[in-house]
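Take a walk through this structure with the sequence at hand.

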Amino acid sequence: MFLSTILYCGAVAILIGTIALLPRRTRHRAVWLILTGVASITIAIFYPASEQRVTSVATNLDKIMPRWQFDEHHEIQINATPERIYAAIRDVTPREIRLFQTLTTIRCLGRCKGESILNAPDAKPILEVATSSGFRILADDPPRELVIGTRVAPRTVAVMNFLVGNDGHVTTETRVFAQTERGARKFAVYWRIIRPGSGIIRRSWLEAIKRRAEAKP
């Protein structure tokens, strides 16, 4: 997320600098802003992705994806039984996930055709859409853990889980592993651009699960 912040701060600096080029009195400062922005974006895009490894296997996700270069982790506390939480994970729809349709529409830029997780019907369970359009269920261990995965680029795989604790503590984690250095470099650009929006979706997804699980039967 830190590199994504640098990238977007760089973009803002370029925008402000471009505007500041118009008045003559601010042109010198504008050039420095633009150069700083370009440098920030360059660093964010080309900074190498380091590989991480599981030190001890505790979840199905650890077994399936013990190595990765990119990851994202979010959590929430839900006042419901693990069974209700797990059912909510399976049943929650895009309509319930705040800003889901807005952010996925921006991410698609009009290129997404047909039903997919980036072009999902409002009322259909989001995991059902995912698993019918490229994702596979890799582990289904109710009411503890659900793991899905897909190939996001040649020799690059993304895996995501939902993990439910007995106390209602729920986490979701995404790990992406590129088998080649070239693949990791290419995916790093994409990841650092979409990471802020992805974080918003994941947090909203957990909040939707919480509302559904805690709702009165």
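I97 is placed in the loop between helix 4 and helix 5. Helices (H or I, at least four residues) and strands (E, at least two) are DSSP runs, numbered from the N terminus. This is a predicted model, where local features need pLDDT of at least 70, side-chain atom pairs count only at pLDDT 80 or more, and totals for chains, interfaces and linings use all residues. Residues are numbered from 1 along each chain as its sequence is written, and side-chain values use heavy atoms, with hydrogens and water left out.

Is I97 buried or exposed? Its relative accessible area is 3%, so I97 is buried. Buried means under 20% relative accessible area, exposed over 50%, and partly exposed in between (1.4 Å probe, protein chains only). Setting aside residues up to four places away in sequence, I97 touches I126, I201, S204, W205 and A208. Contact here means heavy atoms within 4.5 Å. I97 and I200 are 103 residues apart along the chain, yet their C-alpha atoms are separated by 9.8 Å.

L99 is not a glycine, but has a positive phi of about 70 degrees. At 41% relative accessibility, L99 counts as partly exposed. What does T93 contact, leaving aside its neighbours within four places in sequence? Its partners are D122, A123, K124, P125, I126 and R212.

Step back into helix 4 and you reach D91. D91 counts as partly exposed, at 36% relative accessibility. Beyond its neighbours within four places in sequence, D91 is in contact with E96, P125 and R212. The C-alpha atoms of D91 and A123 are separated by 9.8 Å, although the residues are 32 apart along the chain.

Now the whole chain. It comprises 7 helices and 7 strands. From the N terminus on, the order is α-α-β-α-β-β-α-α-α-β-β-β-β-α. The C-alpha atoms fill a box of roughly 65 × 40 × 35 Å, taken along the principal axes. Of the 217 residues, 42% are buried. Among contacts with a separation of 6 or more, 60% link residues 24 or more positions apart.

Next, the helix packing. Two packed helices are described by the angle between their axes and the distance between the axes. The axes of helix 1 (residues 2-20) and helix 7 (residues 181-214) come within 8 Å and cross at roughly 95 degrees. That makes helix 1 roughly perpendicular to helix 7. Axes are lines fitted to C-alpha atoms, for helices over the stretch in contact, and angles run from 0 to 180 degrees between N-to-C directions. Angles under 35 degrees count as roughly parallel, over 145 as roughly antiparallel, 65 to 115 as roughly perpendicular and the rest as oblique. Helix 1 brings L3, S4, L7 and Y8 to meet W191, R192, I193, R195 and P196 of helix 7.

S40 is in helix 2 (residues 27-46). At 17% relative accessibility, S40 counts as buried. Not counting residues up to four places away in sequence, S40 touches I6 and G10.

Turn to the rings. The structure holds 5 aromatic pairs. Rings of Phe, Tyr and Trp (its six-membered ring) pair if their centres lie within 6.5 Å; planes under 30 degrees apart count as stacked, over 60 as edge-to-face and the rest as tilted. F70, F187, Y190 and W191 form one aromatic cluster. At W68, the charged end of R175 sits over the ring, 4.0 Å from its centre. A charge sits over a ring if NZ of Lys or CZ of Arg is within 6 Å of the ring centre and within 35 degrees of the ring normal.

Finish with the backbone. Most residues other than glycine have a negative phi, and most peptide bonds are trans. The peptide bond from P142 to P143 is cis, with omega near -5 degrees. P143 is found in the loop between strand 4 (136-141) and strand 5 (145-153). R155, in the loop between strand 5 and strand 6 (156-164), has a positive phi of about 60 degrees although it is not a glycine.
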